[in-house]
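Trainee: I have a model open and would like to go through it. Can we start with the overall picture and then look at a few spots?

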Amino acid sequence: MATAHSQTLRISSLSSSSSLSLSSKLPLSSAFSVSFRSSRRAARPLVVFVSAGLDAKPTVLVAEKLGEAGLKLLKEFANVDCSYNLSPEELCTKISLCDALIVRSGTKVTREVFESSAGRLKVVGRAGVGIDNVDLAAATEHGCLVVNAPTANTVAAAEHGIALLAAMARNVAQADASVKAGKWQRNKYVGVSLVGKTLAVMGFGKVGSEVARRAKGLGMNVIAHDPYAPADRARAIGVELVGFDEAIATADFISLHMPLTPATNKMLNDETFAKMKKGVRIVNVARGGVIDEDALVRALDSGIVAQAALDVFTVEPPAKDSKLIMHEQVTATPHLGASTMEAQEGVAIEIAEAVVGALKGELASTAVNAPMVPSEVLTELQPYVDLAEKLGRLAVQLVAGGSGVKTVKVTYASARAPDDLDTRVLRAMITKGLIEPISSVFVNLVNADFTAKQRGIRITEERIILDGSPESPVEFVQVQIANVESRFASAISDSGEIKVEGKVKDGIPHLTKVGSFDVDVSLEGSIILCRQVDQPGMIGKVGSVLGQENVNVSFMSVGRIAPRKQAVMAIGVDEQPSKDTLKKIGEIPAVEEFVFLKL
């Protein structure tokens with residue numbers, strides 16, 4: 001007989017028995033490192049922790065310019081060495097004498113830096129949001145905490161986005177250069193008005209929402225695309241959330257505010273430019289890599305894109321002979337998004353506080369690595385950790401664009417007593433799967449709850465206590481997302497939520513339920529879900545299409561309501577099928593819907 005015990009995770013006030021509160025700072029324990037190795041994948045470090053017992057004043061190396069307010073905070077606690085423009089070799093030489101390192105975006109903190117520190121380096125502080133220039137895996141392996149300053153730049157970046165928007169629309173930079181060259185070309189630099197135009201904000205996080213507020217004040221019609229943005233928050237400022245294709249197809253102006261992730265890398269390319277309204281204008285104050293720069297040049301030359309205003313580039317600084325930079329219809333600035341006096345001081349204070357806190361043995365919510373769980377617990381939970389992350393990834397990919405994930409329920413079935421099952425790491429990994437694929441945040445046990453709260457996601461947990469011997473920690477894990485539309489209607493359960501369920505079999509995570517359909521497919525590679533009429537030959541037809549395209553099938557499972565009724569087929573594939581291959585599957589007469597999910 002199974003009984004259910006419901007436990008709600010309230011991010012602002014977490015239970016000490018089963019949750020990790022991130023609203024207050026946490027004492028560090030003694031240092032230890034654990035990594036898991038699977039026979040099917042490379043080792044992925046999951047936990048490293050830092051001890052900060054310091055008898056003398058620590059030394060902080062500030063490798064790039066930091067505001068005076070931040071330096072003052074640092075000097076009250078540590079010896080501060082401000083050494084700017086260090087070569088990689090000089091940085092590696094100095095680092096063995098330092099307990100902390102603070103950088104901006106210009107310094108690469110590579111594996112060699114961590115190796116050269118010989119274990120002394122305790123914390124790296126990135127004065128800004130992105131941490132592309134810090135080798136997080138190496139930091140974790142060497143027991144070094146990494147913290148960033150994610151909030152102080154928000155207004156500055158939004159203001160710069162609006163500045164570029166207006167300057168581009170009115171040809172300010174080009175007209176200025178013309179006048180200074182002794183010309184007076186009023187007819188050449190006739191601009192376009194912003195009032196009444198549609199602005200698509202791609203990425204409705206902190207900066208994107210601030211850009212939207214300001215654009216509304218300029219009389220623009222603002223739409224936005226962001227799979228995680230709550231629709232009610234968007235409506236509160238008069239913004240409509242739409243799908244990606246609708247956003248780029250209807251916009252007169254597009255402002256980019258998404259992070260650079262594998263999912264967003266070169267998101268704007270020849271294919272997506274072709275879907276845009278002719279004469280669209282693009283602003284990018286996010287990351288250079290989200291645009292295929294060669295494709296942008298082609299779009300500018302063809303007139304699909306009328307103008308672009310860019311603050312960020314794939315390579316910074318860009319080449320002097322860059323066709324993009326030299327293009328007459330491009331306005332370029334040298335990564336000035338955070339470059340206001342106020343933002344610089346705010347970032348300096350935020351990163352200084354985080355670094356000093358870490359050196360004191362405290363851990364702030366801006367930490368981007370170092371989950372904390374005893375090694376023996378992680379060893380037992382290892383396969384369930386992988387299962388949890390993949391269930392999160394599957395669930396969020398089933399959400400239709402524009403829905404906005406707000407309410408997630410996680411259910412664990414276990415024969416263990418509640419105080420014998422620490423679900424913090426499982427919940428964190430589900431959160432990681434839900435958020436990380438399209439976010440610049442690196443989610444782990446330290447920052448999972450904080451990150452979920454920032455995005456307006458409320459996570460509740462329920463435990464189903466099973467009878468029997470508690471040999472394994474968890475029998476199954478279930479993830480449900482409420483109040484959203486689904487890309488795959490069959491994933492909606494009888495109660496109206498997107499539902500996926502999985503368990504561990506022989507150490508391998510398996511998907512065992514989608515919506516109300518039972519399936520059984522290994523969570524490796526990627527998955528195709530098909531709903532079809534249950535009739536003979538369907539497995540062969542779908543398998544034949546994949547085989548003709550040289551897509552290897554690793555697992556296949558069919559769950560059905562009743563014979564000759566509806567069935568859901570779950571197919572594990574080793575390679576990503578082409579669009580043509582997926583189209584052929586959809587054209588099979590008995591296939592009613594399908595979706596490709598990437599793990």
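Predicted model: local features only at pLDDT ≥ 70, side-chain atom pairs only at ≥ 80, totals over all residues.

Trainee: Fine. How many helices and strands are in the protein chain?

Mentor: The protein chain has 18 helices and 27 strands.

Trainee: And what share of the residues is buried?

Mentor: Of the 599 residues in the protein chain, 53% are buried. The accessible surface comes to about 25900 Å², and carbon and sulfur atoms account for 51% of that surface.

Trainee: Let's go to helices. How many residues of H15 are buried?

Mentor: 12 of the 12, so H15 is largely enclosed by the rest of the structure. The buried residues include Arg 424, Arg 427 and Lys 432, along with Val 425, Leu 426 and Ile 430.

Trainee: What is the span of H15 from end to end?

Mentor: H15 covers residues 424–435 and reaches 16 Å from its first C-alpha to its last. That is close to the 16 Å expected at 1.5 Å a residue.

Trainee: Now packing. At what angle do H5 and H7 pack?

Mentor: Two packed helices are described by the angle between their axes and the distance between the axes. For H5 (residues 154–169) and H7 (residues 206–217), the angle is about 50° and the axes are 8 Å apart. That makes H5 oblique to H7. The crossing of H5 past H7 is right-handed.

Trainee: Which residues make the contact?

Mentor: On the H5 side, Thr 154, Val 155, Ala 157, Ala 158, Glu 159 and Ile 162. On the H7 side, Lys 206, Val 207, Glu 210, Val 211, Arg 214 and Ala 215.

Trainee: Take Val 211, then. Buried or exposed?

Mentor: Val 211, which sits in H7, is buried, with a relative accessible area of 2%. Leaving out residues up to four places away in sequence, Val 211 touches Ala 158, Ile 162, Leu 199, Ser 255 and His 257.

Trainee: How far apart are Val 211 and Val 155?

Mentor: They are 56 residues apart in sequence, and their C-alpha atoms are 8.6 Å apart in space.

Trainee: H5 has a histidine, His 160. What does His 160 touch?

Mentor: Setting aside residues up to four places away in sequence, His 160 touches Val 285, Asp 311, Thr 333, Leu 336 and Gly 337. His 160 counts as buried, at 13% relative accessibility, because the cut-off for buried is under 20%.

Trainee: Next pair: H17 and H18. What is the angle there?

Mentor: H17 (residues 538–548) and H18 (residues 579–586) pack at about 165°, with their axes 10 Å apart. They are therefore roughly antiparallel to each other. H17 passes H18 in a right-handed crossing. Val 542, Val 545 and Leu 546 of H17 meet Thr 581, Lys 584 and Ile 585 of H18.

Trainee: Switching to strands. Where does Leu 529 lie?

Mentor: In strand S24, residues 526–533. Leu 529 is buried, with a relative accessible area of 1%. Apart from residues up to four places away in sequence, it touches several others, among them Leu 398, Phe 488, Val 514, Met 569 and Phe 594. Glu 593 is also one of the residues that Leu 529 touches.

Trainee: Last topic, the backbone. Which residues are joined by a cis peptide bond?

Mentor: Glu 316 and Pro 317, with omega at about -5°. Pro 317 lies in the loop between strand S15 and helix H12. Most residues other than glycine have a negative phi, and most peptide bonds are trans.

Trainee: What is the phi of Asn 171?

Mentor: It is near 55°, a positive value in a residue other than glycine. Asn 171 is in the loop between H5 and H6, and is buried, with a relative accessible area of 8%.

Trainee: And Asn 550: buried or exposed?

Mentor: Asn 550 is exposed, at 66% relative accessible area. Its phi is also positive, about 60°, and it is found in the loop between H17 and strand S25.

Key: Residues numbered from 1 in each chain as written. Heavy atoms only, no water. Helix = DSSP H or I, 4+ residues; strand = E, 2+ residues; numbered from the N terminus. Expected span 1.5 Å × (residues − 1). Buried < 20%, exposed > 50% of the residue type's maximum accessible area, 1.4 Å probe, protein only. Areas by Shrake-Rupley, 256 points an atom, 1.4 Å probe, with all protein chains shown as cover. Axes fitted to C-alpha atoms, helices over the stretch in contact; angles between N-to-C directions. Parallel < 35°, antiparallel > 145°, perpendicular 65-115°, else oblique. Left-handed = near helix turned anticlockwise from the far one by under 90°. Contact = heavy atoms within 4.5 Å.
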